[in-house]
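This report describes a few features of one structure. Look at the sequence and the model first, then read on.

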Amino acid sequence: MTDIAISPCLPADLSALRDIAIEAYNDHYTYLWHDGGAWYLNRCFSEQALREDMANPNASYFLIQYQDEPVGFMKYNKDKALEGYTDAECLELERLYLVDRASGIGIGKWAVDFTVQYALESGKHLVWLRAMDSSRSVDFYEQNGFVRWGTDELDFEQMKEIYRGMVIMKRDIA
């Protein structure tokens with residue numbers, strides 16, 4: 001798929017990042033929330049929240065384009081340990097969000113491959129993530145080399161209790 005481009009987000013990309021993050025989140029996750037996700041979108045994807053997070057030297061954002069159109073984004077935490085490992089060994093893939101029209105055509109696999117290559121070039125031995133246990137993403141990550149490592153639960157009051165479960169997944173890469 002040579003029509004896919006993944007590039008680091010720069011401060012000038014803040015509005016584009018916000019727009020694609022909100023669109024992708026609304027396409028897939030509003031069912032989790034009593035308020036349709038409004039609280040979470042403001043907490044994580046407002047310009048202020050994204051600006052502050054982008055200033056964190058441990059966080060890296062990437063825009064994903066398909067045929068020159070923005071279709072998603074990723075967020076990495078470059079040095080974040082999974083239990084039993086060190087910060088230096090691990091890269092957390094905190095977010096990989098695609099808009100609905102970009103799902104199911106290989107862009108997600110491309111993004112995972114990009115993430116693994118980025119981690120290897122950064123001297124990491126492991127990529128890990130948390131996936132909603134109510135979403136199809138767990139199956140997707142298993143198909144892309146991740147294994148279930150544990151579980152977690154979110155404690156957001158605004159979230160419907162039935163959907164608070166998370167699966168912790170990891171992929172050994174070196």
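## Aromatic pairs

The structure holds 23 aromatic pairs. One of them is formed by Phe45 and Phe73 in an edge-to-face arrangement, with 5.8 Å from centre to centre and 85° between the planes. The pair links distant parts of the chain, since Phe45 lies in helix H2 (residues 38-45) and Phe73 in strand E3 (residues 69-77), 28 residues apart. The model is a predicted one, and the values given here are computed from it.

## Two packed helices

Two packed helices are described by the angle between their axes and the distance between the axes. Helix H1 (residues 14-28) packs with helix H3 (residues 47-54) at an angle of about 115°, and their axes are 10 Å apart. The crossing of the two helices H1 and H3 is right-handed. On the H1 side, the contact is made by Leu14, Ser15, Leu17 and Arg18, which meet Glu47, Leu50, Arg51 and Met54 of H3. By type, the residues of this contact are four nonpolar, one polar and three charged.

## The largest pocket

Rolling a probe the size of a water molecule over the atoms shows where empty space is left. What is the volume of the largest pocket? The volume is about 1,200 Å³. The lining consists of 46 residues, and those nearest the centre of the pocket are Tyr29, Leu96, Tyr97, Ser137 and Tyr141. Strand E4 (residues 90-98) gives the largest share of this lining, with seven residues. The table divides the lining by residue type.

| Residue type in the lining of the largest pocket | Number of residues |
|---|---|
| Nonpolar | 25 residues |
| Polar | eight residues |

Technical notes
Residues are numbered from 1 along each chain as its sequence is written. This is a predicted model: local features need pLDDT of at least 70, side-chain atom pairs count only at pLDDT 80 or more; totals for chains, interfaces and linings use all residues. Side-chain values use heavy atoms; hydrogens and water are left out. On a 1 Å grid over the protein atoms alone, a cavity is a set of points where a 1.4 Å probe fits but cannot get out, and a pocket is an open set with protein on both sides within 12 Å along at least five of seven lines; lining residues have an atom within 4 Å of a point. Grid points are joined across faces, edges and corners, and a volume is the space filled by probe spheres set on the points. Helices (H or I, at least four residues) and strands (E, at least two) are DSSP runs, numbered from the N terminus. Ala, Val, Leu, Ile, Met, Phe, Trp, Tyr, Cys and Pro count as nonpolar, Asp, Glu, Lys and Arg as charged, and the others, Gly among them, as polar. Axes are lines fitted to C-alpha atoms, for helices over the stretch in contact, and angles run from 0 to 180 degrees between N-to-C directions. A crossing is left-handed if the near helix is turned anticlockwise from the far one by less than a right angle, and right-handed if clockwise. Contact means heavy atoms within 4.5 Å. Rings of Phe, Tyr and Trp (its six-membered ring) pair if their centres lie within 6.5 Å; planes under 30 degrees apart count as stacked, over 60 as edge-to-face and the rest as tilted.
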